[in-house]
Amino acid sequence: FFFFNDTATTEIYTLSLHDALPISATAFDWTGNQTSIFSTLAASNHSKTERQADDYYATDPIAVEKLLEKEHFNHYVWECAAGGLHISNVLTAHGYKVRNSDITSRGNRSIEELDFFKAEKDKMSPDIITNPPYKYASEFVEHALDISMDSVKVAMFLKIQFLESKKRRELFKKYPPKKIYVFTNRMNCGKNGVFGKESSAVCYAWFIWEKGYTGLPKVDWID
């Protein structure tokens, strides 16, 4: 941190992984609400605002298009936190056969109501592509790989901060990501499926696992 002692209000500058962001005692988070520094840096545990029910934050379809420019998947794909089908619709448009499930269907009959943590192996052995509820992201990754056969790919749309913490380090020892695609430009997520015009303060990345991979991850960027 850097402190400037002048007559103006002292501002605290902190370096994120992507930018140098000037932040005062309060700041605007990616939803446009005034909240703490921690929320601006995407530490949801410090947020003063209510998280959406079931942690439903939809993925911008552009993020999926960009993923498909970088990575190829099995013809059969499972979207296990399907939400409003923002990921699934893009996959379907590209010719993938998609199984859609979520803990709630939100009235959409094409979504199978299923608690993913109770899901067992799918006999079709699909690749898994999803944006999991962030508070359960580690558990989603681990369960997805636990129930998958070797060579199955698991792609998760996550905050870059997912790389942090001792707990997740243990996950990475068990299941190291094969590739991490970091977005050069900030991507927005739609709270309850609704996308606002606010610019995101969060850096997102696609984390790609391949069951059975034991090497170090390769980092690439998505422009």
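**Helix, sheet and confidence**

Mentor: In this predicted model, the buried residues of α3 pack against β5 (57-59), α2 (61-70), β6 (76-79), β7 (97-102), β9 (127-130) and β13 (204-210).

Trainee: Which residues of helix α3 are buried?
Mentor: Within α3, which spans residues 86-93, they are His86, Ile87, Ser88, Val90 and Leu91. Each is called buried because its relative accessible area is under 20%. Just after α3, Gly95 has a positive phi of about 95°.

Trainee: Why is Cys80 called buried?
Mentor: Its relative accessible area is 2%, and the term applies under 20%. Cys80 is therefore buried. Cys203, at 8% relative accessibility, also counts as buried.

Trainee: How many disulfides does the model contain?
Mentor: The count is zero. A pair of cysteine sulfur atoms would have to lie within 2.5 Å to be counted.

Trainee: What is the order of the strands in the open sheet?
Mentor: The eight strands run β8-β7-β6-β9-β10-β13-β11-β14, and their pairing is mixed. The edge strands are β8 (112-113) and β14, since each pairs on one side only. Helix α3 packs on this sheet, touching β6, β7, β9 and β13. The direction of α3 makes about 170° with that of β7.

Trainee: How do you know that β6 and β9 count as paired?
Mentor: At least two bridges are needed, and β6 and β9 have two bridges, in the parallel sense. They therefore qualify as a pair. Trp78 stands opposite Ile128 in β9.

Trainee: In what sense does β11 pair with β13, and in what sense with β14?
Mentor: With β13, strand β11 pairs in the antiparallel sense over four bridges, and Tyr181 stands opposite Trp206 in β13. With β14 (residues 218-222), β11 pairs in the parallel sense over five bridges, and Ile180 stands opposite Val219 in β14.

Trainee: What makes β11 a mostly covered strand?
Mentor: Strand β11 covers residues 179-183, and four of its five residues are buried.

Trainee: Where is confidence lowest in the chain, and where is it highest?
Mentor: It is lowest in strand β1 (residues 12-15), with a mean of 38, and highest in β9, at 98. Over residues 1-52, pLDDT stays under 50. The chain averages a pLDDT of 80, and 70% of the residues score at least 70.

Notes
Residues are numbered from 1 along each chain as its sequence is written. This is a predicted model: local features need pLDDT of at least 70, side-chain atom pairs count only at pLDDT 80 or more; totals for chains, interfaces and linings use all residues. Side-chain values use heavy atoms; hydrogens and water are left out. Buried means under 20% relative accessible area, exposed over 50%, partly exposed in between (1.4 Å probe, protein chains only). Contact means heavy atoms within 4.5 Å. pLDDT is the predictor's confidence in each residue, from 0 to 100. Axes are lines fitted to C-alpha atoms, for helices over the stretch in contact, and angles run from 0 to 180 degrees between N-to-C directions.
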